[in-house]
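Subject: Structure handover

Hello,

Here is the structure we spoke about handing over.

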Amino acid sequence: RNERIKNFFINNKKKLIITVSIILVIIIGYLSFEKSKERTKIKLANQYNLALINFNPKSTQKTIDIMINVIKSNDATYSPLALYYLLDNNLLEDSDEINVLFDELIKKKNFENEIRNLIIYKKALFNSDFVSENELLKILNPVINSESIWKSHALYLLAEYFYSKEEKQKAKQFFNQILTIPKASEDIKLASQKRINRDFSE
């Protein structure tokens with residue numbers, strides 16, 4: 001048996017060396033890739049945090065440029081945070097530009113589903129004051145047709161949207177739908193029940 005094993009290694013020496021070399025290259029490549037991702041993440045974190053620290057309300061363009069650069073890096077953590085920061089501080093005025101940035105993030109395949117659903121919800125929230133019913137529904141469709149934890153938030157946004165348009169029957173339907181969702185936020189459920197009792201009781 002030992003002789004057979006010895007002969008196997010002798011006869012397949014070249015193949016074994018090539019196989020081992022390929023495995024080592026793959027392992028080294030993977031470790032290098034992970035290290036590179038870690039360095040990139042740290043760099044983005046530093047850019048994002050420095051932009052927050054150095055923010056000057058009288059000179060916002062530098063902050064805007066840094067945040068847009070972070071958004072375009074397509075990092076699952078810092079790209080959405082950078083966009084939310086720009087929105088929360090009203091640093092971008094062009095709604096078309098904002099929607100382009102939203103769409104860039106939504107289309108990325110490396111984001112987890114719930115991160116993407118939150119971005120879709122935020123996009124709908126941003127657009128809800130000036131888009132049509134059909135446009136708002138189109139934005140939210142991926143969320144309201146899923147089992148996402150953000151589904152109840154999306155339905156609540158639609159309910160409030162229709163209520164503000166004096167379309168109370170549609171609003172009531174969405175409030176009622178929230179109460180039937182197993183994963184609905186308890187706060188959203190409670191708020192929906194209160195709205196039904198207060199504004200739709202006969």
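Predicted model: local features only at pLDDT ≥ 70, side-chain atom pairs only at ≥ 80, totals over all residues.

Core

The largest nonpolar core has 52 residues, and the members that touch the most others are Leu86 and Leu140. Helix α8, residues 151-164, is the top contributor to this core, with eight residues.

Helices α6 and α7

Leu140 also takes part in the contact between α6 and α7. Helix α6 covers residues 113-127, and helix α7 covers residues 133-144. Their axes approach to within 9 Å and cross at roughly 160°, so α6 is roughly antiparallel to α7, the cut-off for that term being over 145 degrees. The crossing of α6 with α7 is left-handed. On the α6 side the contact is made by Asn117, Ile120, Tyr121, Lys123, Ala124 and Asn127; on the α7 side it is made by Leu136, Ile139, Leu140, Pro142 and Val143. By type, the residues of this contact are eight nonpolar, two polar and one charged.

Asn117 deserves a separate entry. This asparagine sits in α6 and has a relative accessible area of 10%, so it counts as buried. Leaving out residues up to four places away in sequence, Asn117 touches Pro142, Val143, Ser146, Ser148 and Trp150.

Helices α8 and α9

The second pair is α8 with helix α9, residues 168-178; the two pack at an angle of about 160°, and their axes are 7 Å apart. They are therefore roughly antiparallel to each other, and their crossing is left-handed. From α8 the contact involves Lys151, Ser152, Leu155, Tyr156, Leu158, Ala159, Glu160, Phe162 and Tyr163. Facing them in α9 are Lys168, Lys170, Ala171, Phe174, Phe175, Gln177 and Ile178. This contact comprises ten nonpolar, two polar and four charged residues.

The loop between α8 and α9 contains Glu166. This glutamate has a positive phi of about 65° although it is not a glycine. Its relative accessible area is 61%, so Glu166 is exposed.

Other single residues

A positive phi also occurs at Asn74, at about 60°, again without the residue being a glycine. Asn74 belongs to the loop between α3 (61-72) and α4 (78-88).

Ile53 is in helix α2, which spans residues 13-53. With 66% relative accessibility, Ile53 counts as exposed, because the cut-off is over 50%. Between the C-alpha atoms of Ile53 and Lys6 there are 66 Å, for a separation of 47 residues along the chain.

Gln193 is in helix α10, residues 186-199. Its relative accessibility is 32%, so Gln193 counts as partly exposed.

Regards

Note on methods: Residues numbered from 1 in each chain as written. Heavy atoms only, no water. Core = buried A, V, L, I, M, F, W, Y, C linked by side-chain atoms within 4.5 Å. Buried < 20%, exposed > 50% of the residue type's maximum accessible area, 1.4 Å probe, protein only. Helix = DSSP H or I, 4+ residues; strand = E, 2+ residues; numbered from the N terminus. Axes fitted to C-alpha atoms, helices over the stretch in contact; angles between N-to-C directions. Parallel < 35°, antiparallel > 145°, perpendicular 65-115°, else oblique. Left-handed = near helix turned anticlockwise from the far one by under 90°. Contact = heavy atoms within 4.5 Å. Nonpolar A, V, L, I, M, F, W, Y, C, P; charged D, E, K, R; others polar.
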